[in-house]
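Me: I'd like to learn how to read a fold like this one, feature by feature. Can you walk me through it?

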Amino acid sequence: MEFRASFCNPFQKEIIEFGKIEKDKVIEKFNSIDWKKYLEQMNSAEDREIYYSPSLEIENILNKNGLSVSAIDGKEWYIFYKRPKRVKRFFGLSEKLDEDYQTDLTGQNEDDVLDCLNALLRNDLEFLEKKIK
């Protein structure tokens, strides 16, 4: 499996693309980000200086399933799960493939984030579907 990674620095408009990342380096990348520092800087910054919450996105290049994890306050995390999915339209009369179907989960902790990242890395899409509805 091939993965790509990007990072949203709260103080930069442009998303930082890391490009391809080895499967065994994803958790290391997550742990190397100084989440606490970004959150502390945001507390003393003006609203107009902040573009995002600090967020890391990891995507499986082959099947287009990906997670974005966003630090909120040092204890709470948001997890966004993006994947191609068939969705019903027109009262269930037709279906369409949504290439960027996304669901999210709020109120998570760092262990939840690591569980989801590890599920993505082992391609456990059933776990992600159940957890992030």
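Predicted model: local features only at pLDDT ≥ 70, side-chain atom pairs only at ≥ 80, totals over all residues.

Me: Is N65 buried or exposed?

Reply: Buried, because its relative accessibility is 5%, and the cut-off for buried is under 20%. Setting aside neighbours within four places in sequence, N65 touches I58, E59, N60, Y81, K82, R83, P84, L120 and L125.

Me: How do β3 and β4 pair, and over how many bridges?

Reply: They pair antiparallel, over five bridges. For a landmark, find E59, which stands opposite G66 in β4. On to the next pair: β4 and β5 (77-89) are also antiparallel, with six bridges joining them. There, S68 has F80 of β5 as its bridge partner. The hairpin of β4 and β5 has five residues between the strands too, and its G74 takes a positive phi near 100 degrees.

Me: Which residues of β4 point which way?

Reply: Here's the general idea: side chains in a regular strand alternate between the two faces of the sheet. In β4, G66, S68 and S70 point one way, while L67, V69 and A71 point the other. Six of the six residues in β4 are buried, leaving the strand mostly covered.

Me: What about a helix? Where do the buried residues of α2 fall?

Reply: Start with the list: in α2 (residues 35-43), the buried ones are W35, Y38, L39 and M42. Looking down the axis of α2, they fall within an arc of 95 degrees, so they line one face of the helix. K36 and N43, on the other side of α2, are exposed. The buried residues of α2 pack against β1 (3-8), α1 (26-32), β3, β4 and β5.

Me: Now the charges. How many salt bridges are there?

Reply: The general idea is that side chains of opposite charge can pair when their charged atoms come close. The count here is twelve salt bridges. In one of them, E59 and R4 meet at 3.0 Å, N to O. E59 lies in β3 and R4 in β1, so this pair ties together parts 55 residues apart in sequence. E59 counts as buried at 8% relative accessibility, and R4 counts as buried at 18%.

Me: Which salt bridge does K20 form?

Reply: K20 pairs with E2, with the closest N and O atoms 3.2 Å apart. K20 is in strand β2 (residues 16-21) and E2 in the segment before β1, so the pair links parts 18 residues apart in sequence. K20 is exposed at 62% relative accessibility, whereas E2 is partly exposed at 35%. Another salt bridge joins R122 and D124, at 3.6 Å between the closest N and O atoms. Salt bridges with shared partners also join R4, E17, E57, E59, K82 and D100 into one network.

Note on methods:
Residues numbered from 1 in each chain as written. Heavy atoms only, no water. Buried < 20%, exposed > 50% of the residue type's maximum accessible area, 1.4 Å probe, protein only. Contact = heavy atoms within 4.5 Å. Helix = DSSP H or I, 4+ residues; strand = E, 2+ residues; numbered from the N terminus. Arc of directions from axis to C-beta. Pairing = 2+ DSSP bridges. Salt bridge = Lys/Arg side-chain N within 4 Å of Asp/Glu carboxyl O.
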